[in-house]
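Subject: Handover of a structure and notes on it

Dear colleague,

Please find the structure below, followed by an account of what was found in it.

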Amino acid sequence: MAEKKRKERAGGGESRTNKKFKKHSNSKGLTKKSKDKSNMRRKRTGPRLPSALRTELDRLNARISANSDDEINSDVEKDVYEYEEEVPQEESRKNRRFDPVENYEYELPEDFEDENVSSDDDDDDNDDDFDVGGNEGNLIEDLDDSDGVEEEDDGRHLRMLQGITGMSNDAFEGKKKKNNVVISEAHPESEYNPTRDVLEGDGHITVQDLLEPIQGKPGYSKLRKRVQYMDRKSTSIQAPLPKADREKLERMAVYEHSKKDITKWEHLVKRNREAPTIFFGEDVDLGFSTVGAIASEFEPRTEFEKKIASLVYDDKVIEAHKADGSKLLELNKISAEDYMKHRNHIAKMRSLLFHHEMKRKRVKKIKSKTYHRLKNKDKLKAASAEMLMDPEAAKEQARKQEFKRAEERMTLKHKNKSKWARRILERGLNAQDEGTRAAMAEQLHHHALLTRKINTVKDSSSSSSDSSSDEDDEGSDQDRASELLEKAKEKTLKVLEDDEEVPNSGVLSLPFMVRGMKKRKEEAIEEAKLALQEYEQLEGTVGAVNLKPATASGRRVFGMANNEASESNNKIKTDNKKMKMDNYYGNSDSEDDLEAKENLNITGGRKNDVEKDAGPNCVHKEAADVRQDSVFKNFDDIVRDPGPKTTYEVAIFTSDSWRKMKSENGVDANVKKSQEIKEPIVQNQDLKEGEEESDSDSEEQMVDGILSTGPKDSYELPSQSELIRHAFAGDDVEEEFEKDKQEILNDENPEPDKPVLLPGWGQWTHIQHKKGLPSWMLKEHDDAKRKREETLKKRKDAHLKHVIISEKLDKKAEKLQTKTLPYPFTSKELFEQSVRMPIGSEFNPETAIRALNRPDVVKKPGVIIKPIKFEEVHQHEKPEDHKRSGQKRKPNRSKGAVGKMKKQ
Amino acid sequence: MGAKEENGDGEMDQTVKKYLRGEAANLEGLQDKKLKGQLAIREELYGKSAKAAAKIEKWLLPSEGGYLEAEGIEKTWRIKQESIAREVDILSLRNQYDIILPELGPYTLDFTPNGRYMAAAGRKGHLAVVDMKTLSLIKEIQVRETVRDVVYLHNELFFAAAQKKYPYIYNRDGTELHCLKEHGAVSRLQFLKNHFLLASINKLGQLHYQDVTMGEMVGNYRTGSGRTDAMQVNPFNGVVALGHSSGTVTMWKPTSAAPLVKMLCHPGPVSSLAFHPNGHLMATSGKEKKIKIWDLRKFEVIQTLSGHAKTLNFSQKGLLAAGTGSFVQILGDFSGSQNYSRYMSHSISKGYQVGKVLFRPYEDVLGIGHSMGWSSILIPGSGEPNFDSWVANPFETSKQRREKEVHSLLDKLPPETIMLDPTKVGTVRPARKKEKKPTKEEREAEMEAAVEAAKDTDIKKKTKGRNKPSKRAQRRKEIIDRAKRPFLEHRVEEQETFRKKHKTNMETEMPKSLQRFVRQKAT
C-alpha cells in the first residue's frame, strides 16, 4: 500500500507502471487488456489537467480502488481510467497500446472474452502465470521506480519523436518493451502475500471474472449481454453533490427568487422611511365602544357557554319565571316589624362600627410625642402589672426584652449609626436645636439601656456615668472635643447669667460683704468671659475656621452690625485705599501676629472694663472691642482665603480706624495700639449713629466728612464735596480700570511661577552654582509664559482697552449646551443651523406649528396597526402625494395640518 | 405695475429672510443621505413657516407706526406738544396730561409689559396703581417711608417697591404680601420676566436675585464698586447692567459672582443707562455731560452725544429719551443707521426735576416722573403699533391674564440661561482646554480608592444557602473586581493604542529602502 502511494507521488511515472503491469496481464490472457482498450478508446478525450491536480485525483482513485470490494471493481477501474484518460495522449504511454483507428474494428472485446474464459482447466495455469507475472510486475515496478527519471526522459523522447514523425506512439514503443525484464517475485503468492495485481486496481476482480463461474447456467447469456451492453454504453455518472452544497444551491436559487420578490417592496419601505410622519388608521371606524354594545353581540361558543345559554334562554324557564316569579317573591315575604327590627339592628351596628372606626382613625393620627409617651408608659405599666400577676406573661416579656437586646447588639441601631444621626453629627451637634439634641441623647440612652445588661453581666458596674462615658466614646474625637467645649461654655454662660440674689438680711446683707461679693462676682464674670473667649477660639480651631461663633453671642452681633454700618460709610474712601491696604497686608503681618494682637486687645479691653464702671461709654468700648476683634477675625479669614475675593473683602472691611492706626502708630507696642484704636472707632460709631438718625429723618443727607456714593437721590443741589468729587472723579479712573483689568487677567490666566530651585539642590560645587537654573526649567517657564500670552491674545477683550469680558466658565450654564454632536450630525455648523429655528407656538404662525411639531407616528388610540400592504409606488414620487389603503397618508403636509385642525 | 410687484416681492423676501432666522444649512456636501433627507424636510417646513409669517406680517398686521415729518425749514424738535394735540384724535389726546402731586416728592414710574397699567411711587411713601386705558386710579396707598423704586412683577397683580429698609411686594389692592429683608435697603429694582427673577441693588452695592415664584434667593453678589442708581436689565438676554461711580458699567448674571463684562464707559460716574429692546444697543450717560451709545456685540462706542441725562429710556421702536433737569429730549434714528439725532424735545415747568422717563409699551406715549408728580406726553413713532398677544396684550381680560400667568410660569427659564449670548443655548459646547491626563500614580491611587470604597460596601444579607462565608467572600471579590474593571480596561485600551501607534511609527520610521520589506497587510 505504502509502496503504491510512493509511486503515485512519483508523478508521471505512475501511469506508465500501470500500463506496464497490464502488459504482464497480457501474458495471462488478453481479457483485461481488450476491455481496457475499449474503455480507453471511449474516453480518451479528456481535458488536460494540471499535473498537481492530476496526481491528486490519481491518489484518490487509487485509494478508492484499494479500499473497495470486488463487486465494484469495474467501477473502480472505470474510475481509474477516467482519471487516466485525462492525461494527454502524448504523455501517457498507453497510447502505444491501443492502435490507431484501424485496430478498432479488429479487436472486439466479446471475442476475446469468449476465448479467454473458454475452460476451467485453464484457470489454474492462468493463475500461476498470473502469479508469476504479478511477481514480476512487482519487481519491475520497483525497478521502474528506481529509474523513473530515465523513463520520463524516454517519455519525452517519445513525444519528440511523435511530434517530428507524426506517427503514433506505438511505432516507437518496441524499444521500450525490450527493456522489460521479467523478475519473479521473492515470495510465493498466497493470500497473505497477495500479488501486486490484487493490490493494484488492475488486478481486481471484474464483472467478467464473476461471470465466468456461472457460464452455461441458464440466463447467463442474457446477463452477459446486459453487462456488455452496459460496458459499451456506460458513461460516467456524476457523483451526486454533497448535501451541503446542494442545499446551498437551493438556497441561492430561493434567495434569487425572493430577492426579486422583495424588491417590489423597496419603494414602499423607502417611502415610509423617508416620511417625516406616518399616519395610521386615519379612517378606521372603531365601532362599538360601550359594554352593552359588546355584550349584546355575545354569542355562546364553548360547550359550557352553550349550556348556560340554553338554560337561561329556555322558554320554559322564562315562562316559569314570568308566571311564578311573583309567587316566589311572596314566599320571601317577611313581616314589616321584623324587617324594621332587623334594619334598626343593622343600622345600630353600622353606626357603632363607624364611630369606632372614626375614633381609631383619630387616635391613629395623633402625632403628639407626649401622648405616645404616656401611651407607652401605660402599656409598660400594664405589662409590668401583668408580669407580676402572670408568670407566663413575665416570661414572654423577658423573652421579648432579650430579643430586643440581642437585636440592638446586632444592629447597633441606636448608636448614632442611622442616616439621620450621622447627618446631624456631621453638621455638628451644636448647630442643632434643643429638640434634636435631646433626641440624640435619648437615642444614646436607649442604646445604653439596651446594651447595659451585658455590662452588668460582665463587670457588674452599670452606672449612669458609665453610660455617659459610652456616649462620649461613640462620637469622634472632634465631636467629643466640641461637645466638651459646648458643655463648658454652657456652664460658664450659666455662671454669667446667674444673678445671685443678694439676701436682704443676715451677714451677707452687710454692705462690705455685699461689696466683696460683688467684686468676687465681677472677677468670676471676667474669668468666665475669658474662658468663653478661649472656648470660642478653641472651637474655631476645632471646626473649620469660621466666624459663626462670633455671631452666636449677642454682643458679637452688635459688633457685626457696626461693621456693616462702617462698611457703607467707608466704601468710597476705600477706592483709593485699596491698594495701600493690600500692600500693608502683603508686607507686614502674618496670621500669628494678628492673633497675638487680638489677644492683647482682648486683655486690654478687659482691663478697661474692670477699671471703669458700667456706663454707656463702657458699652461703646466693649462693642468697639468686640468689633475690632471681629474685624481682625475677618482679616484673618481674608488672609487665609485666597482668590479674587480678597480685594473686595478688604475693601469692604477696611475702615477709617485702620488707616489712622497705620499713619499714627506704624509698628508700636501692641497694647498701646489697641488703646489707640478704640478712640477712632468710638467716634466712628457715634458718627454712624448720628447718620442713622439722620437717615431716618431726612433721606440720606450728607453727614459731614462722609460722602455718599453715586448720584444723589434727592433733588437738592449737590453739596460742595460731591461736586469736588465729581470734578476729580475722572483723574485716575482709566488707570484704575487698567489695573483692574490686569488683575482680572492675572486671575483668569495666572502668570507662571518663577522657576525656583530648591536651595542646595544641584549645587554641590561652585560650578553648578554658576550655571544657575537648568535650561529645561527656563524653557518650561518660557513656554508657560508664551502660552499665557497666546491665551491673552485670544481673549475677546484683547483688543478692547476699555472692556473686560469674563472668560470664566459657567458650569451651570454648561449643561445647556451639548457636550458632543448629536448622532447623525458630523459638523457643528450643520447642527447649529438645523436648530436655529424655534419651533414653539410663540415664534411660528398657527398654520405652521403643527407641521413643525408633528410626531413621527400619528395614531389614534385603539387603532390596530395592520401589517403593510403592497401597492404600486412610483420611485420618484413624493411621499406626501400618496395615499395608502388601511394605512392612509395625509395628502399634503400643510393641508393635512388644516384638515386635522378642522377635525378637531 | 410689474415693478411694483417686484418691489413687493423683494420686501416679502426680506421679511421671509427675517423670519428664517439665519442661513439654511448647506446640504450639498452631506454624505449621510438619511440626515440629508430629514434636514431637507425640516428646511422646507421652516421655509413654509417663514413664508406664512411674512404673509401675516404683510396682510394681517393692522397698523403701521408713524412718526413726525418736518416740512421745509420746520424741525421736528420744534414741534410742541400743543401742536401735536391739535392734530391727534381724542383717544390720544387723553394721553397728554400732567398730574401734580407736590407733597409726596419725586415720582418714579413703571408700566406693565403690556402698557395697560402703571405704578407710580412717590419718594415720600405714596404708591399708586393706575389703569392707563381708563385713566382711573385702581389703588393708592401711603407706606409712610421712603420709596426709592417701584417695579411690576410678571403682571399687574403684583408690584415691588424699594422702601427705606427693605423692598416689599404688594398686590394690586395695596396689600403687603412680602417683605424681602435679605435685599436690604434697595435703591433700584428690576424684574426679569422670563426668569421670574427680582433683581435689586442695595445701598451697600450688593446685587440680589430672588426667584419670585418659590422665593428662593438665586444670587447675592457684591459688586465691589459701591452704591449705584443706574441699573437696567437687557431685555434680550436678561443680563443686568449696573453703572458705577467709577465710570464703569458692569453686567451680571445670577450664576456668577464676577461680572460678565466690565466696561469703562465714562471718565466720571455713570448716571443712567438703557438698553434697546433688541439688546444690541446700550445708551449710557455720564456726569461729564456725555451720552454714549454702545454696540454690545462689539463693545464699542457707536456714537457720543453731548448732554446730561439723569435718566434714559429706549422705546420699543428704538427712540431714546433722555431727561435732565426739567427737560426731556428724544433722540431717534429713522435712517436705520444707528445714528441718533434729535427728534423731539419737551420741557416741563421750571423747577420740576425729571426723575424718570419711561416709554409706555404699545403706545406713542412717554411717561415722565418728576419732583411734582408725573406727566405724559405724546411721542409719535415710539411704541410698537402691533401687539403680539403671545408676548403682551394690552386688552387682556382677566381670564387671559390667568392663562398667561400659568403659561409663563410653565415657560419660566432657569437662571442659568442668562448669558451674554443666549443663542448659544443648545449648541455644541466649545471644546474645553485639554485637561491634563492623570498620571499613572494618580490613576493607581484612584483605583485604590475605588477598591477601598468597594470593600467598604455592605453586602446585603441573602437567604440561608447563599450567605455562606465562601459565598460572601466570593461576592466581595466580585464587587472589588467590578470596581477595578474600568481602570483595567482603560489600561488595556491605552496599551492597545500605544501598540498601534508604535506599529505605525515603525512602518513610517523605516528608511525608504527598507520600507518595501515591511509586511503588508493582506487586503
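Ser200(B) stands opposite His208(B) in β12(B). The strands β11(B) and β12(B) pair in the antiparallel sense over five bridges; two strands count as paired if DSSP finds at least two bridges between them. Strands are DSSP runs (E, at least two residues), numbered from the N terminus. The hairpin of β11(B) and β12(B) has three residues between the strands, and Gly205(B) there takes a positive phi near 75°.

This is a predicted model, in which local features need pLDDT of at least 70 and side-chain atom pairs count only at pLDDT 80 or more, while totals for chains, interfaces and linings use all residues. Residues are numbered from 1 along each chain as its sequence is written, chains are lettered from A and ligands numbered from 1 in the order in which they are written, and side-chain values use heavy atoms, with hydrogens and water left out.

On its other pairing, β11(B) is joined by six bridges to strand β10 (residues 186–192) of chain B, and the two run antiparallel. Val186(B) stands opposite Asn202(B) in β11(B). These two strands also form a hairpin, with four residues between them, and Phe196(B) in the turn has a positive phi of about 55°. Six of the six residues of β11(B) are buried, so this strand is largely enclosed by the rest of the structure; buried means under 20% relative accessible area (1.4 Å probe, protein chains only). Leu197(B), Ala199(B) and Ile201(B) cover one face, and Leu198(B), Ser200(B) and Asn202(B) the other, all of them buried.

A nonpolar core is a set of buried Ala, Val, Leu, Ile, Met, Phe, Trp, Tyr and Cys residues joined through side-chain atoms within 4.5 Å. This core has 32 residues, and those with the most contacts inside it are Val240(B), Met251(B), Met263(B) and Met282(B). A second, separate core of 20 residues includes Ile79(B), Ile84(B), Leu319(B) and Val354(B). Not counting residues up to four places away in sequence, Met251(B) touches residues including Val240(B), Phe275(B), Leu296(B) and Leu420(B), where contact means heavy atoms within 4.5 Å.

Which strands form the open sheet of five? Its order is β2(A)-β17(B)-β16(B)-β15(B)-β14(B), with antiparallel pairing. β2 of chain A and β14 of chain B stand at the edges, each with a single partner strand, so one side of each is left without a neighbour in the sheet. Within this sheet, β15(B) and β16(B) pair over four bridges, and the bridge partner of Gly243(B) in β16(B) is Val249(B).

The contact between the chains involves 75 residues of chain B and 67 residues of chain A. The area buried between them is about 6800 Å², of which carbon and sulfur atoms give 57%; buried area is the accessible area (1.4 Å probe) that two parts lose on being put together, summed over both. Five salt bridges are counted between chain B and chain A, a salt bridge being a side-chain nitrogen of Lys or Arg within 4 Å of a carboxyl oxygen of Asp or Glu. One salt bridge joins the side chains of Glu416(B) and Lys815(A) (2.8 Å, N to O).

How values were computed
Buried < 20%, exposed > 50% of the residue type's maximum accessible area, 1.4 Å probe, protein only.
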